[in-house]
Amino acid sequence: MVDLKGQYDKIKEQVNSSMLEVLDTTAFINGPEVHAFQKELEDYLNVKHVIPCANGTDALQIAMMGLGLKPGDEVITADFTFAATVEVIALLQLTPVLVDVDKDTFNIDPEAIRKAITPKTKAIVPVHLFGQTANMEEIMQIAKEHNLYVIEDNAQAIGANYHFKNGETKKAGAIGHVASTSFFPSKNLGCYGDGGAIFTNDDDLAHTIRGIVNHGMYERYHHDVVGVNSRLDSLQAVVLRAKLPNLDSYNSARQAAAKKYSEAFKNEENIEVPYTESSEDTHVYHQYTLKILNGKRDALVKHLNDHGIPCGIYYPIPLHSQKAYKDERYREEDFPVTNQLVQEVISLPMHTELDEEQIDFITKTVKEFVNS
Ligand SMILES: *Cc1c(COP(=O)(O)O)cnc(C)c1O
């Protein structure tokens, strides 16, 4: 599904020499590399504060802690996403409110958000799923009307743009009150271990969060709030600093591969290719996800595996049906899109090193099987 080795080979010299420097200086935690990366990412995203942390799940949790959400507060998020999003809501004893997604973009449906709002609602967590920005114009408008926080889960869309109707463009993760991301190795900007970050333009919130990631300390050994221990280490920062200047070209390579895939599938009546806006920079293809419309999805997975082609089902089970997150408030008829998507979606290999020959082989194998 990914080719981390091919990508590493191109930045090897820089990564290796900077890693050796870190080993020599022994500044493993909160060293200059972490601070430099933080600044560079702030510039790239055009956001005032980046607070590095240990992983993307922590980043989400810390963002919610920073906003001061309290047990019982309702937090609306998508039914069709990775479990981390709902997991941290539940862990903090907030009340997750799962809602359906849009059938074209797979992102949280603003109409479904509106219907789910109650006097207890405090926040909305849009996930920019598979690398495509959610409908932030609508979501920010809803948040404003109802006085809610917006926490962007940007683990899959770093580098994607969002275009507002007034002509303004912002980076995914720089739009809501606060955002989280993950630097897990297979993400669009991945390190060689675990890593994550929180972004915000709010000075007070950034200050609060800097204390939370460090055991609730704002002054050494004075613990003002209950915090956590969540840090990005210097060796991971070295990798991220080597990759960040290439992020736009990495994302362009993904977009080019997606274009070739979609071109090959364009006349297939049983295959629906990913939806894209007229402005293609809103999707950075963390995943390239097709819908297989003739009921052959599961058989296709087996067929591709038999032919040595990796593929993935993201995600096979709606969150509202997961044992850990079941709730009698949910009714099946409220999730028609997610319930259908879990049966139709399949993600094909997507990374920065895909070449024409690989894409031809993959698309040919998929088409032959789906039409057989
Ligand atoms: C990967 C991911 C996370 C979690 O990130 P980790 O670094 O693995 O903790 C959260 N949300 C989404 C949507 C993700 O894809």
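Tyr261 and Phe265 sit four residues apart, about one turn, in helix 9 (residues 247-265). Helices here are DSSP runs of H or I with at least four residues, strands are E runs of at least two, and both are numbered from the N terminus. The two rings form a stacked aromatic pair, 6.5 Å centre to centre with 10 degrees between the planes. For the terms: rings of Phe, Tyr and Trp (its six-membered ring) pair if their centres lie within 6.5 Å, and planes under 30 degrees apart count as stacked, over 60 as edge-to-face and the rest as tilted. Tyr261 and Phe265 are both buried, where buried means under 20% relative accessible area, exposed over 50% and partly exposed in between, with a 1.4 Å probe and protein chains only.

A word on the source: this is a predicted model, in which local features need pLDDT of at least 70 and side-chain atom pairs count only at pLDDT 80 or more, while totals for chains, interfaces and linings use all residues. Residues are numbered from 1 along each chain as its sequence is written, and side-chain values use heavy atoms, with hydrogens and water left out.

Another stacked one joins Phe130 and Tyr315, at 6.3 Å centre to centre and 20 degrees between the planes. Phe130 lies in the loop between strand 4 (121-125) and helix 6 (136-146), and Tyr315 in the loop between helix 10 (297-306) and helix 11, so this pair ties together parts that are 185 residues apart in sequence. Both of these residues are buried as well. Phe130 and Tyr315 also belong to one aromatic cluster, together with Phe80, Phe82, Phe106 and Tyr314.

Some rings have a charge over them, meaning that NZ of Lys or CZ of Arg is within 6 Å of the ring centre and within 35 degrees of the ring normal. The charged end of Lys296 sits over Phe369, 5.1 Å from the ring centre. Arg329 does this with Tyr330, lying over its face at 5.2 Å from the ring centre.

**Pockets and cavities**

On a 1 Å grid over the protein atoms alone, a cavity is a set of points where a 1.4 Å probe fits but cannot get out, a pocket is an open set with protein on both sides within 12 Å along at least five of seven lines, and lining residues have an atom within 4 Å of a point. Points are joined across faces, edges and corners, and a volume is the space filled by probe spheres set on the points.

| Space | Volume | Lining by class |
|---|---|---|
| Largest pocket | about 470 Å³ | eleven nonpolar, eleven polar, four charged |
| Second largest pocket | about 400 Å³ | ten nonpolar, one polar, eight charged |
| Largest cavity | about 80 Å³ | three nonpolar, five polar, four charged |
| Second largest cavity | about 50 Å³ | five nonpolar, five polar, one charged |

In those classes, Ala, Val, Leu, Ile, Met, Phe, Trp, Tyr, Cys and Pro are nonpolar, Asp, Glu, Lys and Arg are charged, and the others, Gly among them, are polar.

The largest pocket has 26 lining residues, and Phe82, Gln156, Phe184, Lys187 and His286 lie nearest its centre. Helix 3 supplies the largest share of this lining, three residues. At least three lining residues come from each of domain 1 (4-99 + 107-245) and domain 2 (247-370); the domain bounds come from an automatic or database domain assignment.

The second largest pocket is lined by 19 residues, with Leu98, Val99, Ala112, Ala116 and Asp334 closest to its centre. Two or more lining residues come from each of strand 3 (95-99), helix 5 (110-116) and helix 11 (336-344), and helix 5 gives the largest share, four residues. Both domains contribute to this lining, so the second largest pocket lies between them.

The structure holds three cavities of 30 Å³ or more. Lining the largest cavity are residues including Val2, Asp3, Lys187, Arg254 and His351. Domain 1 and domain 2 both give residues to that lining, so the largest cavity lies between them. Around the second largest cavity you'll find, among them, Phe106, Phe130, Tyr275 and His283.

**Arg114**

Back in helix 5 is Arg114, partly exposed with a relative accessible area of 28%. Its C-alpha atom is separated by 35 Å from that of Leu247, 133 residues away along the chain.
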